[in-house]
Amino acid sequence: MRVLDVIDIVTKDLRAELAYAFRDENPRVRDSALGLAERLNNAEVERVLLECIESETGETAAGAIKCLGRLKRAGSVDRLYSVLKSTKEESCLIACCHALGQIGHPAGIDALENILRPKGFLMWKKKYSDEVRANAAFALREINDPRASGILQGCAQDPDQRVREIARSVLVSTGTPLSNGSGD
């Protein structure tokens, strides 16, 4: 861990070391590697993090996803969307939502809208949990784009209370009147 704290002073070619450290069993070593990735914040680090996301699962992948969000690299949006479509792991889904919100690029709007979109009446089971949907709404709130606000406006009557509250907070902050036909 100590080596990871100072290695960027010695060399900038850290691809193999970072890839190995991201996968370490010790969470403190992984956290040190993620801290180093944030300090370096370059295209090579982004590639290593994206490779980690594709080859790892659980908290290791979620940690790499969160780091990508903190790096705010717009080039990661398409890969994060791909993870959203392919994973069933709740920690990774939530991390992707947060990362897309932190990156704040309009290209992430479609992915987040997909999570919030109501399923048809023939779908018996929701694809995403209420927790993931609430995080998607929160992430949309962080993206400064009229389309994001429009999507949230459509969520003002969502069945999930947290999604409704996030949507309504955006509507109130933009001065859009709330109307649901019930006098709220």
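Student: Which helices each supply at least two residues of the lining of the largest cavity?
Tutor: This is a predicted model. The lining consists of Phe22, Arg30, Leu34, Cys52, Glu59, Thr60, Gly63 and Ala64. Arg30 and Leu34 are among the lining residues, and helix H3 spans 27-40. The helices that each give at least two lining residues are H3 (27-40) and H5 (58-71).

Student: Which helix gives the largest share of that lining?
Tutor: Glu59, Thr60, Gly63 and Ala64 are among the residues that line the largest cavity. Helix H5 runs over 58-71. The largest share, four residues, comes from H5.

Student: How many residues of this lining are nonpolar, polar and charged?
Tutor: Arg30 and Glu59 are in the lining, and Arg and Glu count as charged. Thr60 and Gly63 are there too, and Gly counts as polar. The lining divides into four nonpolar, two polar and two charged residues.

Student: What is the volume of the largest cavity?
Tutor: A search of the whole structure finds one cavity of 30 Å³ or more. The volume of the largest cavity is about 40 Å³.

Student: How many disulfides does the structure hold, and why is Cys97 in no such bond?
Tutor: A disulfide is a covalent bond between the sulfur atoms of two cysteines. Cys92 is in none, as the nearest cysteine sulfur, in Cys96, is 6.7 Å away. For Cys97, the closest cysteine sulfur is also in Cys96, and because it is 7.1 Å away, it is too far for a bond. The number of disulfides in the structure is zero.

Student: Are Cys92 and Cys97 buried or exposed?
Tutor: The cut-off for buried is under 20% relative accessible area. Cys92 has a value of 4%, and Cys97 has 0%. Cys92 is therefore buried, and Cys97 is likewise buried.

Student: Which residues touch the most other members of the largest nonpolar core?
Tutor: This core has 58 residues. Helix H7 (residues 90-103) gives the most to the core, with nine residues. Ile65 touches Ile53, Leu80, Val83, Cys92, Ala95, Cys96 and Ala99, leaving out residues up to four places away in sequence. The core members that touch the most others are Leu18, Phe22, Leu49 and Ile65.

Student: How many helices and strands does the chain have?
Tutor: From the N terminus on, the elements run α-α-α-α-α-α-α-α-α-α-α. The chain has eleven helices and zero strands.

Student: What percentage of the residues in the chain is buried?
Tutor: The chain has 184 residues. The buried part is 43%.

Key
Residues are numbered from 1 along each chain as its sequence is written. This is a predicted model: local features need pLDDT of at least 70, side-chain atom pairs count only at pLDDT 80 or more; totals for chains, interfaces and linings use all residues. Side-chain values use heavy atoms; hydrogens and water are left out. A disulfide is a pair of cysteine sulfur atoms within 2.5 Å. Buried means under 20% relative accessible area, exposed over 50%, partly exposed in between (1.4 Å probe, protein chains only). On a 1 Å grid over the protein atoms alone, a cavity is a set of points where a 1.4 Å probe fits but cannot get out, and a pocket is an open set with protein on both sides within 12 Å along at least five of seven lines; lining residues have an atom within 4 Å of a point. Grid points are joined across faces, edges and corners, and a volume is the space filled by probe spheres set on the points. A nonpolar core is a set of buried Ala, Val, Leu, Ile, Met, Phe, Trp, Tyr and Cys residues joined through side-chain atoms within 4.5 Å. Contact means heavy atoms within 4.5 Å.
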